[in-house]
Amino acid sequence: MEYSTVSLESALFFETPAQIYARVFRTLQPRATAPGFQIEFRRFANANSFIRMRDGHIEVKMTDALESAPSPIVEALAFILLSKLYRRPVPAEFNERYRRYLNRKDVRQHLHSMREKRGRKLITSAQGHAYDLEAIFDQLNFIYFHGLMARPTIGWSQRRGRNTLGHYDPSHNTIVVSRLLDRPEVPRLVVEYVMFHEMLHVRYPVTHTGIRRCVHTPEFKQAEKAFERIKDARSLLKTL
C-alpha cells in the first residue's frame with residue numbers, strides 16, 4: 001500500500017491531533033468506519049506514547065514533549081502507533097521522520113531535562129550480599145582511569161534482571177548493576193567487567209547523527225579492549 005503525505009502548504013498544520021489520527025486511520029483502514037479518538041498529552045518522564053482500543057474508540061496517550069511538535073511529527077507518530085495497533089509494518093518514512101525529530105539536539109536536551117526532573121531511579125545500596133559496587137568502582141577507577149573519574153550514584157538493581165546486567169543512566173548520573181550478579185558463585189571478574197563497561201559509558205557518551213544513535217562508539221570499543229582478561233570475562237558471562 002502506498003501512503004500519501006500532505007504537503008507543507010496543506011491543511012495538515014491546522015488539524016487537531018484527533019483529526020490527524022482519524023485521517024491516518026482512514027489511510028491505513030480505508031474500508032473501516034473510523035472510531036472516535038481520545039488524545040491526551042501526559043506528563044511522562046520520557047518520550048513514550050501509548051495507544052489502545054477501548055469501548056469502541058481509540059485512546060492515545062502522548063508524551064507532552066510533543067505538545068508543541070510540528071504536525072508532521074504528530075502525523076508520523078500516528079502512523080507508528082496505529083500501525084502497531086493493527087499489527088502492520090510501520091512505514092519507513094514515518095519511522096525515520098519521527099526518529100530524526102527525537103534526535104534533534106534541542107529535543108534531546110528537552111527529553112533529558114524531563115527525565116532528570118520527573119524520573120525516579122529505583123536502586124538499592126551499592127553494598128550487596130557478595131560485592132560492594134563502590135569498592136569495585138574505586139578499584140577500576142584507579143587502574144584504568146588514573147583515579148580521575150568522579151563517582152556517579154551506584155547501586156544494585158531491585159530485581160534480578162537477566163536481559164540487562166548493567167546500565168548507565170546519564171539523566172540521573174547513575175550506574176545500576178543487576179542483582180543477579182550479587183551472588184558468591186558469580187566470579188568477581190564478571191562484576192568488574194560489567195562495572196568497567198558502564199564506566200566507559202560515563203567516559204564515552206552516546207552520539208547522535210541524523211537518525212542514528214551510537215551507544216558503543218569506536219572510541220568506546222577501543223577503550224574496552226584495555227580490560228584485563230576481557231575474553232575470560234565474556235566467556236564467564238555466557239555461562240551465566
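**Helices and sheet in the predicted model**

The model examined here is a predicted one. Several residues of helix 1 are buried, namely Ile 20, Tyr 21, Ala 22, Arg 23, Val 24, Phe 25 and Leu 28. The partners against which these buried residues pack are strand 1 (36–42), strand 3 (57–63) and helix 2 (71–85).

The strands come together as an open sheet of three, in the order 1-3-2 and with mixed pairing. Strand 1 and strand 2 (50–54) take the edge positions; each has a single partner strand, so one side of each is left without a neighbour in the sheet. On average, neighbouring strands of this sheet are turned by 20° against each other, direction ignored. Strand 1 and strand 3 run parallel and are joined by seven bridges. Within this part of the sheet, Phe 37 is placed opposite Ile 58 of strand 3.

How do the helices sit relative to these strands? Helix 1 lies across strand 1 and strand 3, and runs at about 130° to strand 1. Helix 2 also packs on the sheet, where it touches strand 1, strand 2 and strand 3, and the direction of helix 2 makes about 50° with that of strand 2.

Two packed helices are described by the angle between their axes and the distance between the axes. For helix 2 and helix 3 (residues 92–102), the packing angle is about 125° and the axes are 8 Å apart. Angles over 145 degrees would count as roughly antiparallel and those from 65 to 115 as roughly perpendicular; helix 2 and helix 3 are therefore oblique to each other. Their crossing is left-handed. On the helix 2 side, the contact is made by Pro 72, Ile 73, Glu 75, Ala 76, Leu 77, Phe 79 and Ile 80, while helix 3 contributes Phe 94, Asn 95, Arg 97, Tyr 98 and Tyr 101.

Glu 59 is found in strand 3. With a relative accessible area of 10%, Glu 59 is buried, because buried means under 20%. Leaving aside residues up to four places away in sequence, Glu 59 touches Gln 38, Phe 50, Ile 51, Arg 52 and Arg 54. The C-alpha atoms of Glu 59 and Gly 36 are separated by 8.6 Å, with the two residues 23 apart along the chain.

Note on methods. Residues are numbered from 1 along each chain as its sequence is written. This is a predicted model: local features need pLDDT of at least 70, side-chain atom pairs count only at pLDDT 80 or more; totals for chains, interfaces and linings use all residues. Side-chain values use heavy atoms; hydrogens and water are left out. Buried means under 20% relative accessible area, exposed over 50%, partly exposed in between (1.4 Å probe, protein chains only). Helices (H or I, at least four residues) and strands (E, at least two) are DSSP runs, numbered from the N terminus. Contact means heavy atoms within 4.5 Å. Two strands pair if DSSP finds at least two bridges between them. Axes are lines fitted to C-alpha atoms, for helices over the stretch in contact, and angles run from 0 to 180 degrees between N-to-C directions. Angles under 35 degrees count as roughly parallel, over 145 as roughly antiparallel, 65 to 115 as roughly perpendicular and the rest as oblique. A crossing is left-handed if the near helix is turned anticlockwise from the far one by less than a right angle, and right-handed if clockwise.
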